[in-house]
Amino acid sequence: MEFATNTELEDRERAAIGAQGRRPVVSSLAGYVRNAFDEAERHRQDNGVTERILRSRHMKSGIYEANKAQAIAERGGSSLFFNITETKCEAFVAWAESVFAPAGDRPWDCQPTPIPNLPDGVAQNVFDLTVTRFSEVPGATPEEVRQFALDLYDQTINLSFEQAREACERMVRKMEDQTAEGGFADAFAQFLEDMGTYPTAILKGPVFVRKQRLAHENGSIGVKNEVIPTWECVDPFRFYPGPNARHANEAYVCEVVDYDARSLSEMRGVESWNTAAIERVLSASCTALSGGVSGNPGAFLTGESEKAVMENRVISQNEGLPDSTLRAIEFWGSVPGTMLQSWGMQGIEDPHKYYEVNCVLIGAEVVRAVLNPDPLGRRPYYTCSFLMNKNSVWGLKSIPEKMADCQEGVNGAMRNLLNNLGMASGPMVAVDIDAIPPEHVPTVTRIWPWKVWPFRGGKTQQREPVRFFQPNTNAAELLQVAEYFENKGDDRTLIPRYVYGDNDLSGAGATASGLSMMMNASNRGIQRVFKNIDRYVMKPAIERLYTWNMVYLDDASLKGDLQIVPRGILALLVREQVQLRRQEFLSATNNPTDLQIIGIEGRATLLREIASGLDIPVDKIVPSEDELRRRAETQLAAQAPNDTESDRE
């Protein structure tokens, strides 16, 4: 495969971007991607997104903004940051983890569609069987023929549904294995952390990468390359959606990523990677990207060094990134076919058609370009915010932004409280300088026990040369102000303090039933947030994995007409109630009459559901359906000789 090299045209395009400050007409793939990133970065800076991200992180970390810190320092006194924001953020994360990552369970499920897709020719088979059946039964009425055909069709539907259910169980086990090996749990946990901090959190995946894994073959352990799905949480500082994009599948998406030089060199000769471009990048140590991000090791994103300080990482503008790290732009979006043809991509038939692709740009070189493997052209990014914005990827407000006024009120009250307590911690002294001998004036700035105050009696008639007085303390009032703003933080964030174990409750919260009612009310307040996570993150992420399995896996036993069902909001609303009702139903049906109706298999299904909700190893307690059938057959076989002897008697 031949790839296009850099030309003077690309240099002119790069210069035009910087000079014009707008999107020029470009003809190369590198210029197209670079221009897209410039527009996304400019739009992000113009709309203050980076400032919002930093401000949210500052509030959670308990750091004043620079102008506020300067104003406090000029006034003097306490610079305390009484951090109630971090508590709310961590409470949200803990609450979300209990809903979306329960022990021994998964936050999603898979089930057959109500009417599964039937194989081609089913209707014709039903017609042929009906004709054959009634050709042998003369005199049948039209109603009898119709009813026979309907019954036969219903039997086919039921059989297809059972086959889809079995395929669904196998698909669920497969996807559970894929999510476990691909790091979905860790990525989603970090996603929840980001959602509790930033205006928007971003989950990425599944991205299919080839990795080396240990494999057991012919009694020995070997190493083989396998393509596995992986997930990661994208740092909001590195996420650049297209201008005015409302979600990741609109416009385009750019992500700033770092590549290790050794890993990049190993991509030479791999399909969809440009070997010549990689070698030029490695030999030139990367050329600079326009728009504020460079391909060289010393490049920084806006706010990156400040973020590193908050994360206790050693990084500075002088030190830069490690020498082996190459900064790149990963682009997901539509690209004209003519640019892909010029780059050297095979299979581009229509040069005027726009194709969904994934490109990697380092410096001025596109080192990788491949068509989006998703058949529907979806990008592997899923975004969600604590308070969604339907017109933008970036949410309306993060948790720190929602309670910024409450945090400011608490900080102001607590700073004044400490200043006031400091002033009132002991008596103050007023000294009449005119009554003090000149040689003792320099010592009146200090006080100690049993100090002798010399003064001239002639000048102190009707005057007190030394006077002690006690400043008033306003601690009670200031504490009430601080408590007021802290309580209002519950209303701002929909995360009340009793959710994370505050025992200082009164009124309805002092009783078990009252506390339960308050918890249910708080659940209703947070439902919208968790429902958005289900709708915009959990469901599309697992659906994309399911689609990939349906398209690319060779195992036909896994494939069926299925749908992904997120379980986060369901778990929040009804987990405890459903478990209680299941136990009640189990007790109510524990009688011979109901057992004849639901059968041993139905009873076993109910026991499995209850045991799974109690974190009990289901497989070790409730036998499988195959084991139950085997037991039933053994019991019937044992009864058969006895029945024969009874008939003989």
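**View 1. The largest nonpolar core of the predicted model.** This core comprises 54 residues. Those with the most contacts inside it are F92, F188, F191, L203, F530 and I533. Helix α16, which spans residues 512–552, gives the most to this core, contributing eleven residues. A second, separate core holds 26 residues, including L29, V33, F37 and A369.

**View 2. The surroundings of F191.** When residues up to four places away in sequence are not counted, F191 touches A201, I202, L203, C233, Y382, C384, I533 and V537. Among these neighbours, L203 and I533 are, like F191 itself, listed with the residues that have the most contacts inside the largest nonpolar core.

**View 3. The cis peptide bond between G205 and P206.** The bond joining these two residues is cis, with omega at about -5°. P206 lies in strand β2, which covers residues 201–217.

**View 4. A positive phi at A251.** Although A251 is not a glycine, its phi is positive, at about 60°. The residue is placed in the loop between β4 (239–241) and β5 (253–260). A251 counts as partly exposed because its relative accessibility is 39%, a value between the limits of 20% and 50%.

**View 5. A positive phi at L494.** L494, likewise a residue other than glycine, has a positive phi near 65°. This residue is found in the loop between α15 (475–493) and α16. With a relative accessibility of 27%, L494 counts as partly exposed.

Technical notes. Residues are numbered from 1 along each chain as its sequence is written. This is a predicted model: local features need pLDDT of at least 70, side-chain atom pairs count only at pLDDT 80 or more; totals for chains, interfaces and linings use all residues. Side-chain values use heavy atoms; hydrogens and water are left out. A nonpolar core is a set of buried Ala, Val, Leu, Ile, Met, Phe, Trp, Tyr and Cys residues joined through side-chain atoms within 4.5 Å. Buried means under 20% relative accessible area, exposed over 50%, partly exposed in between (1.4 Å probe, protein chains only). Helices (H or I, at least four residues) and strands (E, at least two) are DSSP runs, numbered from the N terminus. Contact means heavy atoms within 4.5 Å.
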